[in-house]
Each structure stands twice: as C-alpha cells, then as structure tokens.
Amino acid sequence: MGTSEAVLPSLSTAVPHLSHSKPCLNSLNSMLHLKSGINSRRKRALGYMRLLNCSRMLRNCRRVYSIQGIDGFSHGKTKISRLESVSCKGQQAESVSGITAEDGHGTIIAPKIKEFEMVEPMRHEKGGFASNGKFAAGGTINDTLGKASIDSIEDEAWNLLRESIVFYCGYPIGTIAANDPSNSSSLNYDQVFIRDFIPSGIAFLLKGEYDIVRSFILHTLQLQSWEKTMDCHSPGQGLMPASFKVRTVPLDGDDSATEDVLDPDFGEAAIGRVAPVDSGLWWIILLRAYGKCSGDLSVQERFDVQTGIKMILKLCLADGFDMFPTLLVTDGSCMIDRRMGIHGHPLEIQALFYSALLCAREMLAPEDGSSALIRALNNRVVALSFHIREYYWIDMRKLNEIYRYKTEEYSYDAVNKFNIYPDQIPPWLVEWMPSKGGYLIGNLQPAHMDFRFFSLGNLWSIVSSLATTDQSHAMLDLIEAKWSELVADMPFKICYPAFEGQEWRITTGSDPKNTPWSYHNGGSWPTLLWQLTVACIKMNRPEIAEKAVKIAEKRISRDKWPEYYDTKQGRFIGKQARLFQTWSIAGYLVSKLLLANPDAANILVNREDSDLVSAFSSMLSANPRRKRDWKGLKQKFIV
C-alpha cells in the first residue's frame, strides 16, 4: 500500500495575539500563558512535533508521513506513523498555525504546533465532567439540580447543557450526546458528535459564550484527518469525524502521570461503518455563525481554517460518475444514521450542502489558488438549486402532473426526465397532500421518487434559500395544515409517514430500533425545534414556532428531555431514547433565544443573491420541452 507524506514547514512562526479587541477572545488571556509572551516576538519552531497519538492499529495497514527538515530529525525523510488521536500535552488548538496546505504537487503539509503553559485546569461542578473528559464521581444530575434552585424550564435546560460540557486539558471543547445517569451503557453517547454539538454551539453563541465554540471549531479541524483507514482503505481528504472522545491515558515513560487525547471516529467504529457526510457541512455552517455572532473573523481567516474549508469543498465537488449536481451518498450518512432507504440523493444532505457552499463562498479569502475552486462552487450552487427547485418540488398541481406522466421518453426534451412511473404515487399521499401547500420530496433517482416528507431537509431548504420564497411559504402552509401529523403532542416528526409491514422489513432490514413511528422511522425529535424556529423567523412567521415550543414545554422537562418520542402522535417517550439528550436541551434553548431576539437568526440564514435570481429566470423562462439555451446568460453555468 502506498504511503501518504506530510511535509512539516520549518522554523519560525508568529505567536498569535490573543489580546485584541474582539470580545470573544478576551477570556482566553486568562486561560493561557504563552512561553514566548503575548507580544509580537517571533519564536523558533519546536525541535520536534508531537503529532497525533496513535490509539489503534487497523489490521496490518499503517500509513506514514515523512517529516522533513526539522531540528532533532535528520534532513532526510524520517518516517513517523500517522497518529489517530490528538494529544494535548504541550499543545493547544489555539496555537496551531496551519493544519494543512498543498505544495503544488498534492502533498499535504502538516501543521506547526507551539507550546504553551497551562494555568490550573478548570474543574467542573460535582456530578459533571472533569478536565479529563470523564464523568466526575460523587454526584448525579439530580443532586446538582437540587442545589441550583431552578426557577424555570430554561434555567433547568441551561444547567443541564453546562453539565454536558466536555473538557480537554482543562478547557471546554464540546458537549456529549447524552448525560443520562439512569443508563449504565453509554455506547457512544458519551462522545462529542459534530452534528449534535451544532445546537449547543448556537446556544452558547447566542448567550455570548464564544470560547467553547472557537475551541470546538479549531480542535475538530485538527481531527479533519490527514489519514483514516478501515480495512486498508482510506476515504478522501477533508472528511470530518462523526464524533470524538476525550480519553485519559498514561504519559509515555511515566506511569504516575496522565495526558488527555482526542480519539476521533470517522465511521470506523460506528454502527454500519458509515462515513458522516454531514459533519463537514455542519462545521462550515457553524464556523460562519461563529464569525457573524462574535464579530471575530480572525478564525475563519486563519490559514489552517481556510485550508480546512477547501479540503471539505474539494471532497464534495470532486468529479464522479453522477449526472446530477446533488451529492450521492450511502444510507445512514446524516442525522438518519441507520438504514432507512435514503441512499442516493437525500434532501437533508443537499440542503446542508447548498448552505455550506454559500457559507464557504462568504468566508473563502480571494486568492489566485482559489479561483478554480470558487468557479466550481458557483457553478454547483446554481445547478444544485435549479435541480432541487425544479425536480424535488411537489404540490397538488405537480402531483397531478406526475399522475399523467408518459414514460419511456428517449429524447433531450423529455418532460418525464427521470422516467418516473405514475403508479409510484403512494395512496397515502393522494389523501394527505393539502390543496394549499407543498414540500420537497426526500430523494430523487432514475425511476424513483421518495415521496416521504423529511423535516430537516425541508426546514433547512428554507433557511438556506435552496427553496424559493413561494416554496418556503408553501412548506410552512403544509406544516400548519398537517399539524396533527407532524407536531401533534410533541414536535417534530423526523419524517412522515413511517414504513410499516413488509415495506419496513425490506427497507430497514427489520431494524428493531426503527420500528414504525419510532426513532428515525417517524419518531418525534424535540431537537428539530430549533431548525423549525429559524425557518419560521426567516419567513416572518414566528407564531408557528412559538406554538410548537409551547407544546414541547408542557412535558419535555417532566419527561427528562428525551432524545425522541414514539407513536403517531408522539405520546410515548421513545422505547430506546436516552434521557437528558443534549441536543434536545440545546434545541429548545436555541428556539427560546431566537424567538426572544429574531434578528439573531441571521447568523444561520443564507440569502439568495441577484446572480442566482438572474440565472434562474433565464432557465425557467425556457420551454421545458426544449434544450436549455445559455446564450442569454452573461456567465455560463453547468446544469
């Protein structure tokens, strides 16, 4: 198996200034004492770099990086095993001056890491997480809450959210998925998940607590992966981990001392071994939100962060066999991370992809080396939005059009481009579709339309402007018209309807966790409240979100903040749901904060630009039975 090399850039780099005018960084000055001071002096690079601590070997496969021209090593190519965990001993993400870069030949350049001296590590309250990321003994959540004299559901939620914080080398780095003291089996719920932390991060940003989000962004960037392997195969560069865990391990050569390491999971240990496609997309969205909320643009302007954005984009924009501008993914590669028949081009991934493209375009620094990437990004934005708006949209008029489709049309000007058979229209949809309203279908492939309503994909299509203004209002109209099915006793259905009977057995493989109206198969997820709130605020219809939040408040605290609810009406706590689920807590808090300050939703919203509007009008004015004419466009886009 070939090796992948990383060349470490040599010698000097500037010590970053932490004491500047940005408010979100002021508290860092009290946390770190840099050996070389906070002034503008230059310091020599370390004699060697303690890279990432290898915590596991996958069979006999080992890829190595070569370190070149570093004091303490020969100037020849000394090979060092790629470490799969990040050690905090003498390192801090704030001190990373560059995570990766290309030398013009596709070689990835590893970062320089500066030393720092840490002050006394912060300790969390009894019953919470200590600085080593372990659950502190001698107390429970209920003990802590009993002392806190909670005055409201919001106060309780904030206490629980802070109880879920994970510390790395004494500093907050994220929140665990669930902090359920009643369940002795943690599985991977004691890890920090990228997608799960997003509502937590947004809540902290809206509260003015920026440091934990900055720390999360920079540390997960370190984990972005120069290398991951499963069964001697490595995915493309740029993949972000699904989750990571803080582990405390004995220090090399000293059994009496320990150090914290970050151990990422890129899907090698996940159920089903599926890579997380949405992690990198959410990371870009959070990065933009951090800059817009804190006013600190220095993070997104850093060389290593710029390179991380480009690596994600290159992975997503890579050429393949697909004829469509949508991302082709496997089942289970997003929030629905088990087999649920969403393989292909699921709407959730497309909405996040579109949002991440727009966010990245805002943050990418203009430079000669980025021109081709930005051009590809612009082409994809137009093609993707046209494709989704034109072919994923369904309402009563479109449904009747599909019902009358002719099939087997072989021509460039076919109306039924994907050869959809009218008999695919499910009986439930004919009765369920309201006369006013519509939505974006869950998936589209040759001869296949997934007519299920997927909440996250539709809501984020509103937030990101992937859907048109009229389509966005129609989606909210549908939610209001179908309130008893999509919200009922607990918001919000993850998808509708559920697979049942033989269809459930074939599609899920008889998954005992995804039984009808449970978990991903039609379960109700309180965390979706925050996406609903952002979408409603953007469309100036916050009363819809307010109504949903009031329904949740009636029981979510009494039920101990479950992960999800079961049954058609969402009346039962999920049969395998974790209690004190962090993103259920954070989703509620974000909704409350945004409803109190609707303007704050702008940190997440993407606005459609004039170039896109011009391109769409040119496309849609053409006769759908004729080939598209691009001569009228000032700039050519590939659709």
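# A tour from helix pair to salt bridges

Start by selecting helix α3 and helix α18 (residues 582-596): the two pack at an angle of about 35 degrees, and their axes are 8 Å apart. Keep in mind that this is a predicted model. Two packed helices are described by the angle between their axes and the distance between the axes. Turn the view and look at the crossing of α3 and α18, which is left-handed.

Now show the side chains at this contact. On the α3 side, select R195, D196, P199, S200, I202, A203 and L206. On the α18 side, select T582, W583, A586, G587, V590, L593 and L594.

**Stop 1: R195 and its partner**

Stay on R195. Which residue does the side chain of R195 meet in a salt bridge? Select D278: the N to O distance is 2.7 Å. R195 sits in helix α3 (residues 194-206) and D278 in helix α5 (residues 277-294), so this pair ties together parts that are 83 residues apart in sequence. Are these two residues buried or exposed? Both R195 and D278 are buried.

Side chains of opposite charge can pair when their charged atoms come close. A search of the whole structure finds 18 salt bridges. Two further ones come later in the tour.

**Stop 2: the nonpolar core**

Next, select W283, I309 and Y439. They are the residues with the most contacts inside the largest nonpolar core, which has 160 residues. Which helix gives the most to this core? Select helix α8 (residues 347-363), which contributes 12 residues.

Zoom in on W283. Leave aside its neighbours within four places in sequence. W283 is then in contact with I217, T220, L221, M240, V305, I309 and I312.

**Stop 3: helix α10**

Move to helix α10 (residues 396-403) and select R397 and E401. These two residues are 4 apart, about one turn of the helix. R397 forms a salt bridge with E401, with the closest N and O atoms 3.2 Å apart.

How accessible is each partner? R397 has 55% relative accessibility, so it counts as exposed. E401 has 28%, so it counts as partly exposed.

R397, K398 and E401 are linked in a network of salt bridges. Is K398 buried or exposed? K398 is buried, because its relative accessible area is 12% and the cut-off for buried is under 20%. Leaving aside neighbours within four places in sequence, K398 is in contact with E390, W393 and Y405.

**Stop 4: D450 and R452**

Select D450 and R452. They form a salt bridge, and the closest N and O atoms are 2.7 Å apart. D450 counts as buried, at 7% relative accessibility. R452 is buried too, with a relative accessible area of 4%.

**Last stop: the whole protein**

Zoom out and colour by secondary structure. The protein has 19 helices and 21 strands. Buried residues make up 59% of its 639 residues. Now show the surface.

Finally, think about contacts along the chain. Take those between residues at least 6 apart in sequence: 71% of them join residues at least 24 apart.

Terms used:
Residues numbered from 1 in each chain as written. Predicted model: local features only at pLDDT ≥ 70, side-chain atom pairs only at ≥ 80, totals over all residues. Heavy atoms only, no water. Salt bridge = Lys/Arg side-chain N within 4 Å of Asp/Glu carboxyl O. Buried < 20%, exposed > 50% of the residue type's maximum accessible area, 1.4 Å probe, protein only. Contact = heavy atoms within 4.5 Å. Core = buried A, V, L, I, M, F, W, Y, C linked by side-chain atoms within 4.5 Å. Axes fitted to C-alpha atoms, helices over the stretch in contact; angles between N-to-C directions. Left-handed = near helix turned anticlockwise from the far one by under 90°.
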